[in-house]
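Please look over the structure shown here before reading on.

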Amino acid sequence: MKTSLAFPVKKIATSKLSETDFSNLVFGKTISDHMFVADYKDGDWTDLRIEPYSPLQLNPSNAALHYGQSIFEGLKGYKNEEGEVIIFRPDANWRRMNESAERMCMPSIPEEIFMEGLTQLIDLDREWVPTAKGASLYIRPFMFATDDYIGVKPSDTYKFIIFTCPVGNYYSKPVSVKVETKFTRATEGGTGAAKTAGNYAASLYPALQAQKAGYDQLLWTDGKSHSQIEESGTMNVMFKINGTIITAPTHTGTILKGITRESVIQLAKDWNQPVEERFLTVSELKEALEKGELEEAFGTGTAATIAHIRLIHIEGKDYELPEKPADAFSHRVLAELDGIKYGTTPDPHQWIIKL
Ligand SMILES: *Cc1c(COP(=O)(O)O)cnc(C)c1O
């Protein structure tokens, strides 16, 4: 691989590979040998390096721990038949990370540091990219404040780290979801469009209540009137009603701009499948369910790609969705995305890079 950015690489003394059971991977529990680290100080990213994945030393007054200046990304790498590693749309994650950074008063990361850190790390740990069908390498870039100061203000210093986790076939069983009309994930003017730690902390309590009531996930509604569907859990959500895919638009700043969402919309357009980026109201959804016009409902996100929804709870009532035919849009779009990611299908939009 051609490298343009040189930085020190300190290799692990003994790889953890031999003690890792690749047939029994729990999502997010197994971490590969190395991590990429860069430190931000005096207005610059410095001290770029790859080193063994290991604990960090933090002072108790670390600003991120108190006030939450912390953002992250999630993307995946795949191994093709030739043993090449394929990474899906890393440039889109880089762009989105910088959008999150701006909202949280954090410094932007130059494309070269993000891309070279990512590709050199994955090249070094390429043995960690699983080869089993449906398995992949989950890649977690993140940034957090490192000032030792408990006044409320943007930190002057930050750490940017990338580490990776081999993950098994993330086929998710069709899920049940509950329309949430009390709690809010995001409101206009808030941080819903940023992949920032606090959004996830705030979603835990409502999600737990839904799980106690017997549902897998929430369907979030808007914070003002709770009448429009926004997202599902930590995924974007799409509905196919009378032949048209409907998904929330992103202009309100309350929707996380999913890269899977954008890819699914692009493929739908390629296939002349009608798509509308508009808010679906809870009453429209209810009516479609009652009339049998809701053909498909699914979440979209990096972890599962497509998460099929089998049941929707609205205002005290459970609605079962019909069985999907084998050629349903959500099945076809999942197969197409998998094909592109594993390098078995052409990639007309130049979404993948190969290492
Ligand atoms: C990460 C995320 C998504 C999905 O984004 P992808 O880029 O498709 O993985 C959707 N909603 C929320 C709230 C998220 O955090």
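What follows describes the surroundings of the ligand and then a set of individual residues.

This is a predicted model, in which local features need pLDDT of at least 70 and side-chain atom pairs count only at pLDDT 80 or more, while totals for chains, interfaces and linings use all residues. Residues are numbered from 1 along each chain as its sequence is written, and side-chain values use heavy atoms, with hydrogens and water left out.

**The ligand and its shell**

- The ligand has 14 residues around it, and of these Lys195, Tyr200, Glu231, Thr260 and Thr302 come nearest; a residue is near a molecule or strand if one of its heavy atoms lies within 4 Å of it.
- The ligand sits in the largest pocket. On a 1 Å grid over the protein atoms alone, a pocket is an open set of points with protein on both sides within 12 Å along at least five of seven lines, whereas a cavity is a set of points where a 1.4 Å probe fits but cannot get out, and lining residues have an atom within 4 Å of a point. A molecule sits in a cavity or pocket if more than half of its atoms lie within 2 Å of its grid points.

**Polar atoms facing the ligand**

- A polar atom in the side chain of Lys195 lies 2.7 Å from an oxygen atom of the ligand.
- For Tyr200, an N or O atom of the side chain is 2.4 Å from an oxygen atom of the ligand, and for Thr302 the corresponding distance, again from a side-chain N or O atom to a ligand oxygen atom, is 2.6 Å.
- On its own the ligand has 380 Å² of accessible area, of which the protein covers 96%; accessible areas come from the Shrake-Rupley method with a 1.4 Å probe, and for residues only the protein chains shown count as cover.

**Positive phi in two loops**

- Asp42, found in the loop between β1 (34-41) and β2 (44-52), has a phi near 50°, a positive value in a residue other than glycine. Asp42 is exposed, with a relative accessible area of 79%; exposed means over 50%, buried under 20%, and partly exposed in between (1.4 Å probe, protein chains only).
- Arg89, found in the loop between β5 (85-88) and α2 (90-103), also has a positive phi, near 50°, and is not a glycine. Arg89 is buried, with a relative accessible area of 10%.

**Polar contacts within the protein**

- His313 belongs to strand β15 (residues 305-314) and is buried at a relative accessible area of 12%. The His313 side chain makes a polar contact of 2.7 Å with the side chain of Asp318; a polar contact is a pair of N or O atoms within 3.5 Å, and within protein one must be able to donate a hydrogen and the other to accept it, while residues adjacent in sequence count only if both atoms are side-chain atoms.
- Asp21 lies in the segment before β1 and counts as partly exposed, at 40% relative accessibility. The side chains of Asp21 and Ser23 are joined by a polar contact of 2.6 Å.
- Ser232 has its place in strand β10 (residues 229-232) and counts as buried, at 1% relative accessibility. A polar atom of the Ser232 side chain lies 3.4 Å from the backbone oxygen of Leu218.

**Distances between C-alpha atoms**

- Arg310, in strand β15, counts as partly exposed at 37% relative accessibility. Arg310 and Glu320 are ten residues apart along the chain, and their C-alpha atoms are separated by 6.1 Å.
- Leu65, in helix α1 (residues 63-67), is exposed, with a relative accessible area of 59%. Leu65 and Phe144 are 79 residues apart in sequence, and the distance from C-alpha to C-alpha is 9.0 Å.
- Glu296, in strand β14 (residues 294-301), counts as buried at 2% relative accessibility. Glu296 and Glu262 are 34 residues apart along the chain, with 18 Å between their C-alpha atoms.

Conventions:
Helix = DSSP H or I, 4+ residues; strand = E, 2+ residues; numbered from the N terminus.
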